[in-house]
Amino acid sequence: MTTALEKYEVQASNVYTRNKFFDVQKEIEKVAAINVIDRSDVGNVVTMRLNKFGSPDSVNNVHLHKDNGNLVCDCRLFESCGIPCSHIFSAMKHEQVESIPASLICKRWTKFAKVDHISVVYAEEGDTSKKDLLRDKVNLRRKGNIMKK
């Protein structure tokens with residue numbers, strides 16, 4: 001592992017495909033240069049304003065919904081590329097969130113996306129024994145990797 005945020009990096013390496021992991025790892029590395037400049041707590045939403053070291057005028061906002069743990073950044077990297085941005089990782093670090101929430105793991109970029117596709121094919125073919133075995137295998141893998149803390 002190459003960053004000081006080893007928990008995030010280990011979880012990402014266990015969940016994402018190799019190529020997507022490298023993209024996520026780059027975002028985690030960028031956290032060192034991000035500052036939380038303001039934090040407000042209104043109801044169930046924590047809003048953090050962040051900027052990049054050396055660029056004080058470039059501000060991003062991250063919203064943490066305490067009721068469900070969802071994080072949303074106005075840079076919209078997750079919505080466009082399917083991976084959490086450095087702003088979200090920085091906000092997670094600031095708020096002591098110890099693992100990447102499932103809401104920020106796009107199934108398309110996980111190691112299990114292909115296994116899920118295979119189980120759908122077996123389901124369409126009507127072979128319930130193979131379908132049940134694959135579904136159980138996928139569920140066990142998900143619980144073991146996504147829920148690690």
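Which residue takes a positive phi in the hairpin of E2 and E3? Gly54 does, near 90 degrees, and the hairpin has two residues between the strands. The model is predicted: local features need pLDDT of at least 70, side-chain atom pairs count only at pLDDT 80 or more, and totals for chains, interfaces and linings use all residues. Residues are numbered from 1 along each chain as its sequence is written, and side-chain values use heavy atoms, with hydrogens and water left out.

Start with the strands. Strands (E, at least two residues) and helices (H or I, at least four) are DSSP runs, numbered from the N terminus. Two strands pair if DSSP finds at least two bridges between them. Strand E1 (residues 34-42) runs antiparallel to E2, with eight bridges joining them. Asp41 faces Val46 of E2, and Ser40 stands opposite Thr47. The E1–E2 hairpin has two residues between its strands. Gly43 sits in that turn, with a positive phi of about 65 degrees.

Move on to E3. E2 and E3 are also antiparallel, joined by eight bridges. Thr47 stands opposite His63 of E3. Met48 has Val62 as its bridge partner in E3. Val62 also stands opposite Cys73 in E4. E3 and strand E4 (residues 71-73) pair in the antiparallel sense over three bridges. Their hairpin has five residues between the strands. In that turn Gly69 has a positive phi of about 80 degrees.

Next, the second largest pocket. On a 1 Å grid over the protein atoms alone, a pocket is an open set of points where a 1.4 Å probe fits, with protein on both sides within 12 Å along at least five of seven lines; lining residues have an atom within 4 Å of a point. The second largest pocket holds about 150 Å³ of space. Volume here is the space filled by probe spheres set on the points, which are joined across faces, edges and corners. Strand E2 (45-52), strand E3 (55-65) and helix H4 (86-94) each give two or more residues to the lining. Among the lining residues are Lys30, Ile34, Asn51, Ser58 and His87. By class, the lining has two nonpolar, six polar and two charged residues. Ala, Val, Leu, Ile, Met, Phe, Trp, Tyr, Cys and Pro count as nonpolar, Asp, Glu, Lys and Arg as charged, and the others, Gly among them, as polar.

Rings of Phe, Tyr and Trp (its six-membered ring) pair if their centres lie within 6.5 Å; planes under 30 degrees apart count as stacked, over 60 as edge-to-face and the rest as tilted. The count comes to two aromatic pairs. In one of them, the ring centres of Tyr8 and Phe89 are 5.6 Å apart and the planes are at 40 degrees, so the pair is tilted. Tyr8 lies in helix H1 and Phe89 in helix H4, so the pair ties together parts 81 residues apart in sequence.

Finish in helix H1 (residues 6-15), the place of Ser13. Ser13 touches Met1, Phe21 and Lys111, not counting residues up to four places away in sequence; contact means heavy atoms within 4.5 Å.
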